[in-house]
Amino acid sequence: MSQLSFNEVSLVYPPRDRRAASQLVLDRVTVSLATGEFVVVIGRSGSGKTSLLNLAAGFQEPTGGTVKLDGNTIEGPGAERAVVFQDDALYPWLDARDNVAFPLRLRGVGERERRARADELLDLVGLTGAGNRRVWELSGGMRQRVGIARALAAEPRFLLLDEPLGALDALTRNRMQTFLLDVWAKSRCGALLITHSIDEALLLATRIVVLSPNPGRLAADITSSFAADILAGTPASVVRSSPAFKRMHDDVTGLINSVTLEEELAA
Amino acid sequence: MTLTTDQEETYNSDANATEPARAPDRTRPVPIFLISLLTVVGLVASWAAATSAELVSPLFLPSPAAVALSLLHLVSVGFVDSTLLEHVQASLGRVLGGLAVSVVIGVPAGLAIGTSRIGRGVLDPIVEFLRPLPPLAYLPLIIIWFGIGEASKVTVIALSMLPSIIISTASGVRCVPKDHINAARAFGATKGQVTLHVVLPSALPSILTGTRIALGAGWSTLVAAELVAATRGLGFMIQSAAQFLVTDVVIAGIAVIALIAILLEIAARALERWLAPWASAS
């Protein structure tokens, strides 16, 4: 089992020009994530959700505190923490298969093995036979599936998902949520997902982390069991309409709203 | 103007005159391509009329038929010791040679400008010095350095192509989406791998566009350079024909130069669609 942990992590952006003040984005956030967990980070704009993910990915370094993987401080990006981007970040000059095989190519895996592994992963994400398709001809949902397959090709211990379903239409999004849960369960990775949607957070998370905005602070860290129900076979629509789901939805909504009010009063 | 703005009255009168059987409403405006074609036909027709009415001396303006004949003659017999094909080959060879040299130098230079501060600091003034200079201004210097052989012509063409290739490469490199680079880094790519597998392919559409523009610039520079110093090539052919007042060869040569310029443009666009289909698709 692996562990990704943020210890008292702060992030300050330097002032844009001489007159502007420096901006505190994250304020002493402590949270951790183990393989086998699905942690969803939710919060309003300006709560530093994406910064948190960038720190985990190693795209940025914290100004204060440490981000550690199994006790070792993270220095830069690494294949054990694969990222899925909001606007998929697939390479249009490669077909779907070569996009999936990209992490393997970087590692110097031979052509034949690369193809075989990529096709397996395309099967896993429900895109059997789509290997030769040009990625810019695929729909948004299919592109995200390719993006997820590509992340899995890196054989990561953690999947970092930056609002991967944010740009999809509502129907596709619902389908992709269940799909994401299935893939995560099969992969045995730890998942860190950023989202704006409370509904999505409740459905996917084993733990929900609520961040308050300006600056981003840890507001709540809640365990959630709806994902387990869905994995056990209960349809998402049934889970959504259950009283427990609605109650928790209200609770989290209240949490996010009250936090905002407090912040506004303070400011 | 009135034809394309779809004004009913003006268009109806036209349509009634040419096609009385057709319903007057809901007719489509005349396609621009047809208008252009009619313009060309009209120009050639008035050229033929002017020459057949002997308004101008054939010494200044030979008839279209005479030019067509001389074109045939150029293909079969040639002019100043070479057939048309040999002149075209000489010119095309120089342009493609210049293109090869400027791509080999220009793409890495653009990459350096786009990715490193030092590269930008060093190369920017050189590019900005070269870019606004008319190639014919430094042609005499190049001839002093390299003589009147092929080397000087290829050098001048390469120099005239370099700025647009460097600038388009640099701007393509600067426009690589941040997520594309971050994705590769997240999968453990080294700096070299990011450049090779992400930055270069991502900048390719921009590089190809720059190359197409450079090809146009190089072609016009070449013809001008051949006017000054050459023993073969389209520019040289026109220049010698002008010295003997063989006006039909001059005009035929101009037509061939224009035709090749158009063909180069079409070929470059086809290359863009083939190598970077995603750029035009999305």
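In chain A, Val39(A) sits opposite Arg207(A), a residue of strand E9(A). This is a predicted model, in which local features need pLDDT of at least 70 and side-chain atom pairs count only at pLDDT 80 or more, while totals for chains, interfaces and linings use all residues. Residues are numbered from 1 along each chain as its sequence is written, with chains lettered from A and ligands numbered from 1 in the order in which they are written.

Strands here (E, at least two residues) and helices (H or I, at least four) are DSSP runs, numbered from the N terminus. E3(A) and E9(A), the latter covering residues 207-212, run parallel and are joined by five bridges; two strands count as paired if DSSP finds at least two bridges between them. E3(A) also pairs in the parallel sense with strand E8 (residues 190-195) of chain A, again over five bridges, and there Ile42(A) faces Thr195(A).

Zooming out, these strands belong to an open, mixed sheet of six strands in chain A, ordered E6-E7-E8-E3-E9-E10. Strand E6 (81-84) and strand E10 (217-223) of chain A take the edges with a single partner strand each, so one side of each has no neighbour in the sheet. At the E6(A) end, four bridges link E6(A) in parallel to strand E7 (residues 158-162) of chain A, and Val84(A) stands across from Leu161(A).

How many residues of strand E3 (residues 38-43) of chain A are buried? Six of the six are, so the strand is largely enclosed by the rest of the structure. Buried means that 20 or more other C-beta atoms, placed from the backbone, lie within 10 Å of the residue's own; exposed means 12 or fewer, and partly exposed is in between. Phe38(A), Val40(A) and Ile42(A) point one way from E3(A), while Val39(A), Val41(A) and Gly43(A) point the other way.

Val40(A) turns up again in the largest nonpolar core, which has 136 residues: along with Leu159(A), Leu160(A), Leu192(A) and Leu204(A), Val40(A) touches the most other members. Such a core is a set of buried Ala, Val, Leu, Ile, Met, Phe, Trp, Tyr and Cys residues joined through C-beta atoms within 7 Å. Leaving out residues up to four places away in sequence, the contacts of Val40(A) include Leu193(A), Ala201(A) and Ile208(A).

Finally, chain A also meets chain B, in a contact that takes 19 residues from chain A and 15 residues from chain B. Contact means C-beta atoms, placed from the backbone, within 7 Å.

Technical notes: Two residues are in contact if their C-beta atoms, placed from the backbone, lie within 7 Å.
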